[in-house]
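Subject: Handover of a structure and notes on its features

Dear colleague,

Please find the structure below, followed by an account of what was found in it. I would ask you to keep the view open while reading.

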Amino acid sequence: MVEITLKIIENIESFLTVTPGKGYEDYCIGTTNDPKLRMFTAHNVSEEDGYWMYEQAALTSEANAVEKIFIKKGMKGDPGNGGRENMYVYCYLRTEKSVE
């Protein structure tokens with residue numbers, strides 16, 4: 001794996017340790033070309049009160065690889081649902097108000 005991919009994985013794992021989720025299944029992960037629009041509009045994540053993060057990958061294939069790793073660990077997501085320009089990986093804590 002490319003160094004940036006490993007760094008994104010580390011950053012997501014670190015994010016999970018400082019949020020109130022109890023396991024991977026409490027989170028949603030995805031790829032997009034506009035992480036804020038995707039999370040705050042499409043998924044209804046609270047920008048002010050929600051627990052969320054995103055990272056930019058060097059390539060769409062790297063973003064997809066990170067997404068698949070975390071889906072295999074139990075996060076909710078829809079691998080391969082993004083387009084060719086989806087170089088951002090986003091992750092958020094699922095709530096009663098969020099939409100997958």
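Helices (H or I, at least four residues) and strands (E, at least two) are taken as DSSP runs and are numbered from the N terminus. This is a predicted model, in which local features need pLDDT of at least 70 and side-chain atom pairs count only at pLDDT 80 or more, whereas totals for chains, interfaces and linings use all residues. Residues are numbered from 1 along each chain as its sequence is written, and side-chain values use heavy atoms, with hydrogens and water left out.

Helix α1

Leucine 16 has its place in helix α1. With a relative accessible area of 14%, leucine 16 counts as buried; here buried means under 20% relative accessible area, exposed over 50%, and partly exposed in between (1.4 Å probe, protein chains only). Contact means heavy atoms within 4.5 Å. Not counting residues up to four places away in sequence, leucine 16 touches Tyr24, Tyr27 and Met75. Between leucine 16 and lysine 72 there are 56 residues of separation in sequence and 16 Å in space, C-alpha to C-alpha.

The end C-alpha atoms of α1 are 22 Å apart, which agrees with the 21 Å that its 15 residues should span at 1.5 Å a residue. The expected span of a helix is 1.5 Å times one less than its number of residues. Which residues of α1 are buried? They are Thr5, Ile8, Ile9, Ile12, Phe15 and Leu16. These residues lie on the same side of α1, because they cover an arc of only 120 degrees around the axis. The arc is that of the directions from the helix axis to the C-beta atoms. The face of α1 turned away from its buried side carries the exposed residues Glu3 and Thr17. The buried residues of α1 pack against β1, β2, α3 and β3.

Threonine 5, also found in α1, is buried, with a relative accessible area of 2%. Leaving aside residues up to four places away in sequence, threonine 5 touches Glu62 and Val66.

Helix α3

Helix α3 (residues 60–73) has 14 residues and reaches 20 Å from its first C-alpha to its last, close to the expected 20 Å. Its buried residues are Thr60, Glu62, Ala63, Val66, Glu67 and Phe70. They cover an arc of only 165 degrees around the axis, which puts them on the same side of α3. Among the elements that cover the buried residues of α3 are α1 (3–17), β1 (27–32) and β3 (88–93). Just after α3, glycine 74 takes a positive phi of about 125 degrees.

The sheet

Strands of a sheet pair through backbone hydrogen bonds, either parallel or antiparallel. In this model, three strands form an open sheet in the order β1-β3-β2, and the pairing is antiparallel. β1 and β2 (52–56) stand at the edges with a single partner strand each, so one side of each is left without a neighbour in the sheet. On average, neighbouring strands of this sheet are turned by 15 degrees against each other, direction ignored. Axes are lines fitted to C-alpha atoms, for helices over the stretch in contact, and angles run from 0 to 180 degrees between N-to-C directions. Helix α3 packs on the sheet, touching β1 and β3, and its direction makes about 165 degrees with that of β1.

Two strands pair if DSSP finds at least two bridges between them. Six bridges join β1 to β3, and cysteine 28 has tyrosine 92 of β3 as its bridge partner. β2 and β3 pair over five bridges; the bridge partner of glutamate 55 in β3 is valine 89.

In a regular strand the side chains alternate between the two faces of the sheet. From β1, Tyr27, Ile29 and Thr31 point one way and Cys28, Gly30 and Thr32 the other way, and all are buried.

Two asparagines in loops

Is asparagine 86 buried or exposed? At 8% relative accessibility, asparagine 86 counts as buried. Asparagine 86 is found in the loop between α3 and β3. Leaving aside its neighbours within four places in sequence, asparagine 86 is in contact with Thr31, Thr32, Asn33, Thr60 and Ala63.

Asparagine 44 lies in the loop between α2 (35–42) and β2. At 41% relative accessibility, asparagine 44 counts as partly exposed. Its phi is near 60 degrees, a positive value in a residue other than glycine.

Yours sincerely
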